[in-house]
Amino acid sequence: MKRFVIVLAVVASICSVQTALAWAGLGHKTIAQIAENHLTPEAKAMTQKYLDASLPSVALWMDCTASWTKKRKWHIPGWEQTSTWHTLVVDERCRVSDVRSPKGSGNLVPNLKMCIENLKNYRNLTDSAVVVNLKCVIHMVGDMHCPTHFYFLEFPDCFRSEKDANGKRKPARDRIPVYYNGKKMTYHSFWDGPGITAIYPEHSNDYKYYATAFDKGSAKQKAKFCKGGVDDWVHDSAKSCRSVYDRVKSGDELDRDFILSYSKMTQKQVLKAGCRLAYILNECFK
């Protein structure tokens, strides 16, 4: 772990988060903004101390660092460990599974738990270690609530499907090609992009607007979102997101009506993620 956090701290100092805004951008920033709005004074002071920035400004760190290393063909020892930390696997009951893809993908849950435990022990960590674990938690909590970051084992093409009649392997369920506004993309990319931005297109990438628009409900309801722990939150999110795979097949043309039919689910997922992220940070830094 020590070597891992040192190299990532170096990357953190040079990595920009200026990437396209979507769930991977707008969604993550909106979640982080909601969380920041619900931090206790103690937690807010501690996150400001270590990050020297707002939560939204570092919400994409895990994604953009991977992009930097790939674009510049860098080999940074330790970073390859985090490439499989963005997705999670659930079984037929929507419970956390120990199954992993052949490439190791799907291990968000154990690594999120590890980073949370590290943060709880922040007084015994170096500042750079706290920063890395904090940025990872901020991002992974967001991914834990994104519909196509779930691999459902009930689908035979969870990770990859069988070969077709021509011997060509079909894409995994979240990677099937779809079209939106005439543009071809994977279903995963669809939920990383217009799955959120098309709800209020007039507000484009204004994550502060989205945070205000999505942050509805009573304090009692938000506290209820935070009952239990990571495994319970995964179960809740998996049940909520499961339906996105029932209405789409390869080659479908998706439109704004499709997005709006899921807008309540999307907004609730973002709100839950923000509340749960705030809860984690409040607990770690109390």
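The axes of α6 and helix α7 (residues 127-143) come within 9 Å and cross at roughly 140 degrees. That angle makes α6 oblique to α7, where angles under 35 degrees count as roughly parallel, over 145 as roughly antiparallel, 65 to 115 as roughly perpendicular and the rest as oblique. Axes here are lines fitted to C-alpha atoms, for helices over the stretch in contact, with angles running from 0 to 180 degrees between N-to-C directions. The crossing of α6 past α7 is left-handed, meaning that the near helix is turned anticlockwise from the far one by less than a right angle. The model is predicted, with local features requiring pLDDT of at least 70 and side-chain atom pairs counted only at pLDDT 80 or more, while totals for chains, interfaces and linings use all residues. Residues are numbered from 1 along each chain as its sequence is written, and side-chain values use heavy atoms, with hydrogens and water left out.

Three strands form an open sheet of mixed pairing in the order β4-β3-β5. Strands β4 (183-186) and β5 (253-254) stand at the edges with a single partner strand each, so one side of each is left without a neighbour in the sheet. Helices (H or I, at least four residues) and strands (E, at least two) are DSSP runs numbered from the N terminus, and two strands pair if DSSP finds at least two bridges between them. Strand β3 (residues 177-180) pairs with β4 in the antiparallel sense over four bridges. Within this pair, tyrosine 180 stands opposite lysine 183, and valine 178 opposite methionine 185. The hairpin of β3 and β4 has two residues between the strands, and asparagine 181 takes a positive phi near 55 degrees.

The second largest pocket has a volume of about 180 Å³. Helices α6 (108-120), α12 (230-241) and α14 (263-284) each give two or more residues to its lining. Among the lining residues are Lys113, Glu117, Trp233 and Tyr279. By class, the lining has six nonpolar, two polar and four charged residues; Ala, Val, Leu, Ile, Met, Phe, Trp, Tyr, Cys and Pro count as nonpolar, Asp, Glu, Lys and Arg as charged, and the others, Gly among them, as polar.

The largest cavity has a volume of about 40 Å³. Phe150, Tyr151, Phe152, Phe155, Cys158, Arg173, Asp174 and Tyr245 line this cavity. On a 1 Å grid over the protein atoms alone, a cavity is a set of points where a 1.4 Å probe fits but cannot get out, a pocket is an open set with protein on both sides within 12 Å along at least five of seven lines, and lining residues have an atom within 4 Å of a point. Grid points are joined across faces, edges and corners, and a volume is the space filled by probe spheres set on the points.
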